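Student: I am new to this structure and would like a close look at one part of it. Please take it slowly and keep to plain terms.

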Amino acid sequence: MLIAIIALSVLAIAFGLLLGFAAVRYKVKTNPVVDQIDALLPQTQCGQCTYPGCRPYAEAIAADEADINQCPPGGQTTILALADLLGKDPKPLNDEHGEHAEKTVVYIDENVCIGCTLCIQACPVDAILGAAKLMHTVIASECTGCDLCIPPCPVDCIHIIPAVEDTKKISVKLPIAPLLINESDQ
Amino acid sequence: MDNIAPSSVTRMMLNVIYALIPGIIAYVVFFGWGIVLNILVAVTTAIVTEIIMLQLRKRPIKPFIMDGSAVVTAILLALALPNLAPWWLTFIGVSFAIIVGKHLYGGLGYNPFNPAMIGYVLLLISFPLEMTVWLQPDSNISFSQNLNYLLHATLNNIDAMTMATTMDTVKTQSGLGLSVTSIQSNFPTVFGQFAGKGWEWINLMFLLGGLWLLFRRVISWQIPTAFLISLAVMALIFYPSTDTSPMYHLFSGATMLCAFFIATDPVTASTTPNGRLIYAAGIGIFAYIIRTWGGYPDGIAFGVLLMNMAAPMIDYYTRPKAFGES
Amino acid sequence: MSLFAKYKFNGGLKLAGHKKISMQEKIADAIIPAQLIVPLQQHIGRAAKPIVNIGDKVLKGQCIACLSDSKNNTVTAAIHAPSSGEVIAIEQHVIPSMLKQTGDCITIKTDGKDTWHNDINPINDPLSLDNDSLKQIILEAGIVGLGGAGFPTHLKLTTKNSNKEKPIDALIINAAECEPYITCDAALIQEQATRIIQGIQFIQHALNIKKCIIGIEDNKPQAIKALELALDDKTKEQIEIIQVPTRYPAGGEKQLIQVLTGKQIPINKLPRDLGMICHNVATTYAVANAILDGIPLIERIVTVTGDNIEHPKNMRVLFGTLMNEVLNSCGYTENNNQDIIMGGPMMGIHLDSANYPVIKTTNCILVKNNKTTTTPLPCIRCGECARVCPANLLPQQLFWYSRSKDYDRLQEHQIFSCIECGCCDYVCPSHIPLVQFYRFAKNEIWTQESDKKISDHARERHEYRQYRLERKKAEDAERKAKKKALLNKKQGIDTSADDAKKSAIEAALQRVKEKQTAVPKNTSNLTAEQQKKIKEVDRRRSDKINPAANNTTTKNTINPKDDNNG
């Protein structure tokens, strides 16, 4: 009986040491999870998720303070990717934070712009070109459609327009063959 | 024109059924009508169960019934069962195979385990007694006697009529320390020329049917070849000591049935060419090990199920090099 | 004499050819329809830019759309008017592509005269052309790959200036035409073998390529004969004809090169990287025409074949001719249950009607009676698809991963090596439309990659902005701190001066106090008269303050002189 206890304890200690050694020696270097989450977010920096930017939202998800379904620009695709990454259940987009819409950009009506630079200060990706008392303009290719420049403008000269579709981008649908649909696809 | 495989699942399954017919005829010749009755019960059960499951799963019924895969599963299971099997044995086996072995995993194309083998193993473990009631070869009981047994599980002079199979005999007797040659001389009714009496012919017929399937490109050559070779090689390696020759192994039990019909089940086998070689070799090795040192007379079923488990991993590691890949 | 190929490629299928039906007549001449709807994009790359306006009169062979950049390196090709007439519209029209796209097209109303443009200049000494001049001629003629892909030919001949560029040692001419029903290349070879050989020579000379191999399937004995006859002793040394076994898809560029040379083009590399360039035989013919006759690419040979066509044949078709006009000229009877395919039965594009214009990549218009469509069953993993795949892929695994959208595994299984030949589709017992799944998966991966690029770029800009703001804050704080230190230093000196001032003032005040105590007050020793006067003044003063008390009227203004006391 005593021998059994001793033997098992020795084995347990030996294997424990071995596992500990392996955990340290063969540790797999992965990106911290915040980076991985941030890599999946669309980087619109719009703040609709209630966090001031995509990185803070990623940090909140990693700290389990925020849910994965708060990002409207990312839409269901991002929710599924996050669910996959974190091993959580996917859920539908939380309506409180907004709806998933087609990509838009903004443009400044140059007849009205007064050159106040308030929108330049608001843009999270510096997509507006301009200086004090000089004309401001939006670089459409850099605009992420976050719409953060619209509230600060004192003369309401910023308008939302749909983003120009890249003609090379084509949309191919998944072929649906009736007998191939499983319950999980529906 | 290229000799391409039959271009529909139904035609593939029909070809398999045609290829099984010679073997079934040999079976009937040696062991009587029991097998045909079993097949009838099995096929009926399979179709009914399949219809019920498809309805429960809200799937379209006609295309899936017409594809014939349930029928093939049923026939293979019936061939694996003893010829004197009560109806409920076949019924339980087939319904388990179809319901659990196939539909609960998602139906055609989604099951990881061979349904016929799942059903067989369930029966083997749950009803070991019924699974060993094999009729003696050439005992010539009548059709009505067979039917009677099917329905009521009674037969006059049952003990005189039934015997263990060849493999069972070899196992139990070599357990007693006898060599195969002496077993052969002691049990003339059980042994044929080099393997089980009657079983040699049955295996030969299945071999011919399988070769025809190969020719028709319904199955690919890798699985039967690798399985038979690995089984023969294992037997050869251990031959002088175990006394069971490669020929014995190749023509006894369910070897040929497995090589050409069971292991080649496309859904559960490995799918890459090299992967199939490894998969089939694995079955051969396991079958030999269980036959010789394991607790069951025939290890094919367990070999198949074990390799089914390994098939996805084998596929992953045997992906062929794509065109232009270094 | 032609040789036989020494090598093979894996997989592939032997298919019934259906070639004889369209080879019964000579190549018919082009019809000139009333309208030509010429798309601006008939090639891989970007659409060309129109250089004509509505109302302009154009002549046959006149350039109507050209490359959009002057460097001539963007992937695009010039478009020319196929016949003379007037430009009546530049607008969107459906163009034959598998994605049901519409594109900008120039509509020309033909005048029936078919007058050639006068700027048609054949080259006098074609064998003296060098690489760059050949490239310029091809570019100006708007020649693209006529085998079906439509890659601009002048870009295949690009020589970069770096010396690292491997020299080209073999020109491969693809005359395989492996898809059933299509016979346009075979017919062209039979009738124009000499010109084709001339075109090959021009290319060989200009690019200094020593060897040329013409790969042709062995089901075209007459074409092979025609080529052999067109070779003379000199050209026999440089041009080799090799027959390849008839097996679909032997005409695929990579498969053909493997069969002819035994070499496999590595993934993500081009034939150029192995020192070879590959051109379709019809493209070579177009190059010869551009050089010898000076004419641009305005028409091609199209095979019109299939069911319900009375006179299936090969015919020249001007680009922009609508397909139903072409079909009608071959005796086509329309029927509801038909499939109209641009291309062959394996890789062709299924069109919903014949109302599409013929473009540079239209090698065949095929009409097939619809078979009853079978609903696909699940994949039973039989592995037939893997057996026939010419790219050595595992189509069954690609299918499973496409359905589950597992893009990482798809890339591991080399989905982008799939040439979409359709062999797997053809043999599948479950009748699964495999190629459609792969197209979907490839598109999804491309979309994902481009989305990722965009979001990575936005993240970079955002991070840089954060950094910029931090930096600004830091700089401001630094500046403030510096200034404060400077100010503090200054204030140190000033306070010492202040101190000195302070002590001087105190000293002065002290002196004043002393003086005051030392010096007697002038009110201390007053005479009686002086005291009386003071009393008078005080009384007058109090009157001013309290006029009622003294009952005297006083003026409100205070006489400054009166306050001169005390």
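With which residue does Arg465(C) form a salt bridge, and how far apart are the closest N and O atoms?

Tutor: The model is predicted. In it, Arg465(C) forms a salt bridge with Asp126(A), and the closest N and O atoms are 3.4 Å apart. This pair crosses between chains: Arg465(C) belongs to helix α13 (residues 434-518) of chain C, while Asp126(A) sits in the loop between α5 (118-122) and β2 (128-129) of chain A. Arg465(C) counts as buried because its relative accessible area is 9%, under the 20% that sets the limit for buried. Asp126(A) has a relative accessible area of 17%, so Asp126(A) is buried too. As a general point, side chains of opposite charge can pair when their charged atoms come close.

Chains A and C also meet in a network of salt bridges. It links Asp35(A), Asp38(A), Arg55(A) and Glu59(A) with Lys452(C), Asp456(C) and Arg459(C). Over all chains, a search of the whole structure finds 26 salt bridges.

Helix α13 of chain C has a part in another pair. Glu420(C) forms a salt bridge with Arg439(C), with 2.7 Å between the closest N and O atoms. This pair links distant parts of the chain, 19 residues apart: Glu420(C) is in the loop between α11 (407-412) and α12 (423-427) of chain C, and Arg439(C) is in helix α13 of chain C. Glu420(C) is buried, since its relative accessibility is 17%. Arg439(C), at 25%, counts as partly exposed.

A further salt bridge stays inside one helix. The side chains of Arg387(C) and Glu384(C) meet at 2.9 Å, N to O. Both residues lie in helix α9 (residues 384-388) of chain C, three residues apart, which is about one turn of the helix. Arg387(C) is partly exposed at 32% relative accessibility, whereas Glu384(C) is buried at 10%.

Next comes the interface of chain C with chain B. The two chains bury about 3000 Å² between them, and 61% of that is on carbon and sulfur atoms. Contact involves 31 residues of chain B and 41 residues of chain C. One salt bridge is found across this interface. In it, the side chains of Arg381(C) and Asp315(B) meet at 3.2 Å, N to O. On the chain B side, α1 (9-31), α3 (61-66) and α17 (300-317) each supply at least two residues that touch chain C. By class, that side has 16 nonpolar, seven polar and eight charged residues.

Asp315(B) is also a contact of Thr272(B). Leaving aside neighbours within four places in sequence, Thr272(B) is in contact with Asp315(B), Thr318(B), Arg319(B), Pro320(B) and Leu394(C). Thr272(B) lies in the loop between α15 (255-262) and α16 (273-293) of chain B. Its relative accessibility is 0%, so Thr272(B) counts as buried.

For chain B as a whole, the secondary structure comes to 17 helices and two strands. Of its 326 residues, 59% count as buried.

Methods. Residues are numbered from 1 along each chain as its sequence is written. Chains are lettered from A and ligands numbered from 1 in the order in which they are written. This is a predicted model: local features need pLDDT of at least 70, side-chain atom pairs count only at pLDDT 80 or more; totals for chains, interfaces and linings use all residues. Side-chain values use heavy atoms; hydrogens and water are left out. Helices (H or I, at least four residues) and strands (E, at least two) are DSSP runs, numbered from the N terminus. Buried means under 20% relative accessible area, exposed over 50%, partly exposed in between (1.4 Å probe, protein chains only). Contact means heavy atoms within 4.5 Å. Buried area is the accessible area (1.4 Å probe) that two parts lose on being put together, summed over both. A salt bridge is a side-chain nitrogen of Lys or Arg within 4 Å of a carboxyl oxygen of Asp or Glu. Ala, Val, Leu, Ile, Met, Phe, Trp, Tyr, Cys and Pro count as nonpolar, Asp, Glu, Lys and Arg as charged, and the others, Gly among them, as polar.
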